2 protein chains.
Amino acid sequence: MMRKAILTAAGAAAIALAVAVPGSVRADGPARAPGEIIQAAPAAQWAAIPPEELLVMDLAPGTTGQPRRVVIQLMPAPFSQGWVGNVRKLAAAHWWDGTSINRVQDNYVVQWGDGDAEDAVKAKPLPAGLAKVSEADYVAPLSWAVQPVGSPGNRRDEIYDGTGSLKGGWPIASDGKTAWPVHCYGMVGVGRNMPPDTGSGAELYVVIGHAPRQLDRNIALIGRVIEGIEHLSSLPRGTGEMGFYQTAGERVPIQSMRLGNEVAGLPRYEYLSTGSTSFASYADACANRRDAFFIRPAGGADICNVPVPVRRVKG
Amino acid sequence: MMRKAILTAAGAAAIALAVAVPGSVRADGPARAPGEIIQAAPAAQWAAIPPEELLVMDLAPGTTGQPRRVVIQLMPAPFSQGWVGNVRKLAAAHWWDGTSINRVQDNYVVQWGDGDAEDAVKAKPLPAGLAKVSEADYVAPLSWAVQPVGSPGNRRDEIYDGTGSLKGGWPIASDGKTAWPVHCYGMVGVGRNMPPDTGSGAELYVVIGHAPRQLDRNIALIGRVIEGIEHLSSLPRGTGEMGFYQTAGERVPIQSMRLGNEVAGLPRYEYLSTGSTSFASYADACANRRDAFFIRPAGGADICNVPVPVRRVKG
């Protein structure tokens, strides 16, 4: 079945899905692929993602009745905590239940919230007590040692935390004084109006295309999809301006959106610690593929091609 | 309707679709968005894409009977011409008619060809006379003056041709001696087996996620989708290894694939000349968004976020 193995998979899709990469560790022969390094990583190098840091969105079932669940990990301090607090309040109030996916723009974003937000009569009231967050909070002070990803050829402003001062191993950029999360595939952000509006968190989007880095430091990122992004990225594209659905009938209903600790039977998830030796090997392999399929290592990788591996915990 | 304008669109999706960007040129006020610069570009700065450089793939109609046409522009010399020649032969032989989309892997690729290629009995014979292309042809000698995209902050190996020595304005990388096309969103490449196989061109894929730059110089790129990529990127993801569909029933039939000069009534297409003043302004605006939605220009853009604008010619 070699022709089926036409493109090796690992290293491109891990942020979007719980990692399930084919292949096994080789005792000898070519260097390991990123997916093989992930599979071989010892249990101690994986870190739990607590359920209270998860947001679980259930769309209405698909055309064949299949469930469509999307699991989002919320951004840890010091980033975006004003918006994250609002998102927690909105989820606790079950505010998104009955709202919808309203926009799907190819190679850009899927966006959801109240499809009638612009209608003064029909707009769904927001819960009381949401914070108004300042533009200043698009960035955070840089207060930890940075660890560049991989090898020469990477942009120097693209780092992963290697010190444990950030929870969760997130893609972060920095100018040496401040730091901010990066708009990679699968990252979830806060829709907003023109500045100085910064958005409440009720209107969210997820990146489904090439990383739109021009949005960094201009919109708040509050998390990332760790499972089920295919239920969003494969939706029909909207044909209105900017990919909005032109009719209410095209919108995809959101049945519920809950904090993970409110969801019965949720699997446990882990991420590969970005300070671990396995992560270092993985990042190096992403930047320099030496496994059998490849003939020329790239000599570098951009941060969005070194997604932090996330997995479901078995059993 | 301001809340609908939550994310400005231009600069992310242009390679994937004939450009249709909302907005108009401002007489004063904030700087222009990339889409506004494209819309204002004079006719003389657009260059025709001849129909014989196009490949037109018609999928079976969708669930509501809608047509699903994908238009691909073939790669010009000096790149990948052995494979491009094979693709022309395969299209002229109508070889893809009745084949199918067999693989859809989220944030990676959609792949098509003979779903039975691995079955010695059922495999579809290839036409005679296809070239076997050397691995050496993954790169070409660098024989023209390079023009880096945009502003400081761009990777220096990422260039567009500004001299006219390449037709079509393609994303190209270089090490100073050789040059090669880049795996951006929408680029079309040649599936292959393990090295030293280089693929015939009968098995093709298109990038539908963050640019998998590790594939550069390891697989041949033969073109890019200029219209209709949404018919591929929104397909259900395959649930087999590497996103292959697990059953033949899931595959999406390809009705026909033809060279553009064989297709009656095909619209005319143009690209914005990468040597034009409008393209320079557009690339600068992609790297430094100063239009009203933005509060902090990025100071750089990677080449896959500066897609060459392509449009249908009106009338």
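Two strands count as paired when DSSP finds at least two bridges between them. Keep that in mind as we tour this predicted model.

**Stop 1: the barrel in chain B.** Select strands E2, E3, E13, E11, E12, E5, E4 and E14 of chain B. In that order, these eight strands close into a barrel, and their pairing is antiparallel. From one strand to the next, the twist averages 35 degrees.

**Stop 2: one pair of strands.** Now pick residues 187-190 of chain B, which form strand E11, and residues 221-227 of chain B, which form strand E13. Three bridges join these antiparallel strands. Which residue is the bridge partner of Val188(B) in E13(B)? Look for Gly223(B).

**Stop 3**

**Stop 4: a proline in chain A.** Move to Pro141(A), in strand E6 (residues 140-141) of chain A. Is Pro141(A) buried or exposed? Its relative accessible area is 58%, so Pro141(A) is exposed, the cut-off being over 50%. Next, click Thr178(A): 37 residues separate it from Pro141(A) in sequence, yet their C-alpha atoms are 4.5 Å apart. Beyond its neighbours within four places in sequence, Pro141(A) is in contact with Lys177(A) and Thr178(A).

**Stop 5: confidence.** Colour chain A by pLDDT: the mean is 86. Then select residues 1-27 of chain A, where pLDDT stays under 50. Residues 151-157 of chain A also stay under 50.

Key. Residues are numbered from 1 along each chain as its sequence is written. Chains are lettered from A and ligands numbered from 1 in the order in which they are written. This is a predicted model: local features need pLDDT of at least 70, side-chain atom pairs count only at pLDDT 80 or more; totals for chains, interfaces and linings use all residues. Side-chain values use heavy atoms; hydrogens and water are left out. Helices (H or I, at least four residues) and strands (E, at least two) are DSSP runs, numbered from the N terminus. Buried means under 20% relative accessible area, exposed over 50%, partly exposed in between (1.4 Å probe, protein chains only). Contact means heavy atoms within 4.5 Å. pLDDT is the predictor's confidence in each residue, from 0 to 100. Axes are lines fitted to C-alpha atoms, for helices over the stretch in contact, and angles run from 0 to 180 degrees between N-to-C directions.
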